[in-house]
Amino acid sequence: VGGISVSRESFLENRDFKLADNQLVGLGHGKLRYEQTTDSISGYLDAELPVAAGWQVNASVRATSEDKEYRHGDFWIPLATPYYLSRNLSSDYTLKNHLAGSVSLNWQPTQTGHLYVKYASGFKSGGFYGGFPFNPAEIEPYREETIGAWEAGMKLGMPEVAMDLNLAVFHYDYEDVQGYIRDINPQTGTGIDRLANQGDAVHKGLELQLAWYPTESLAMELGMGWLDAYFINSGIQTVNLAGDLVSIRGTRPWAPDFNGNVLVTYTKALQNQVQVELSGSYDYRTEFAGYQSSPVDRAINQLPGYGLLNLAANVTMLDQKWKVGFWIRNATDRIYVSRIKNDGLNS
């Protein structure tokens, strides 16, 4: 299988800021405007090759050329005589990591068993931060984020005990991780966030999924995951909430060490081709705030673990090809924090 993709994306941002809402920084009303254009062309090939009985090699390769332009960047305070904090900014970005692809070896020794090992490489394009720039350095493009990923696993069906088992282990090497870095704005004396490359990172982990079908009507599924995701100390620094200049290191945010889920489904066939399905699931994750460099950061940016209970019911008319469903998400009405973000102006 092969193909070519060609695209052009034009983006115009025209944004208003009510900066006067922040009592600590008296910038009043602000306006931001810029144009961004992205041109991209890529070609790809995918191939499958049986090499022996039960053995197969899969491979893919993709080559991409991409250019981005940031033009006419203005950030100003609309007064009788507009006061420009920055004006007519421009910048360019060109993708340098053109190739991505994968290769995997698959073995199916039985009708219900499958083992595999796979290596893949890829990238996430770089670009420009669309926040409010006070100087040209703040729209310097960040580089593409790249990954080299190893994964091995098995999928095993065990009909004699009415079970299915899936298991995977993985190791990801990231370079030039994209994320927010905080600097001190010399004009306002406050922290200002911008998208940049935070350094390199490693992810390694394990995922397990077990399904059991004790009766024709009842199905039970259990999923568990372990993840160790951390930055490799690269010397890149950021300003924390305490105002200290610190290195980016430690556990990555939004990467809980453990997660798990349980799903129970009951299906019952009634008269007149009516089928009822009831299900309940519980999903849990441990704390996912990541490494925080000071007590202030740990207190403000805490993202504790939480669990959610979901319930659902479906009624299906098999002969008339329709279904009606009812569900409750977060049935215990749990209030939880999913993200904490500073606005860059100390609030």
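Analyst: Two strands pair if DSSP finds at least two bridges between them, and helices (H or I, at least four residues) and strands (E, at least two) are DSSP runs, numbered from the N terminus. This is a predicted model, in which local features need pLDDT of at least 70 and side-chain atom pairs count only at pLDDT 80 or more, while totals for chains, interfaces and linings use all residues. Residues are numbered from 1 along each chain as its sequence is written, and side-chain values use heavy atoms, leaving out hydrogens and water.

User: What makes strand 11 and strand 12 a pair?

Analyst: Strand 11 (residues 200–212) and strand 12 (residues 218–232) run antiparallel and are joined by 13 bridges, where at least two are required, so they count as paired. Trp212 has Met220 in strand 12 as its bridge partner, and the two strands form a hairpin with five residues between them.

User: Which bridges pair strand 12 with strand 15?

Analyst: Strand 15 (residues 250–251) pairs with strand 12 in the antiparallel sense over two bridges, and Tyr230 stands opposite Thr251 in strand 15. Strand 12 also pairs in the antiparallel sense with strand 16 (residues 258–269), over nine bridges, with Asn259 in strand 16 as the bridge partner of Gly225.

User: Why is the chain called more spread out than a compact globule?

Analyst: The chain holds one helix and 19 strands. Its radius of gyration is 26 Å, well over the 20 Å that the globule rule gives for 347 residues, so the chain is more spread out than a compact globule; the radius is taken over C-alpha atoms, and the rule is 2.2 Å times the number of residues to the power 0.38.
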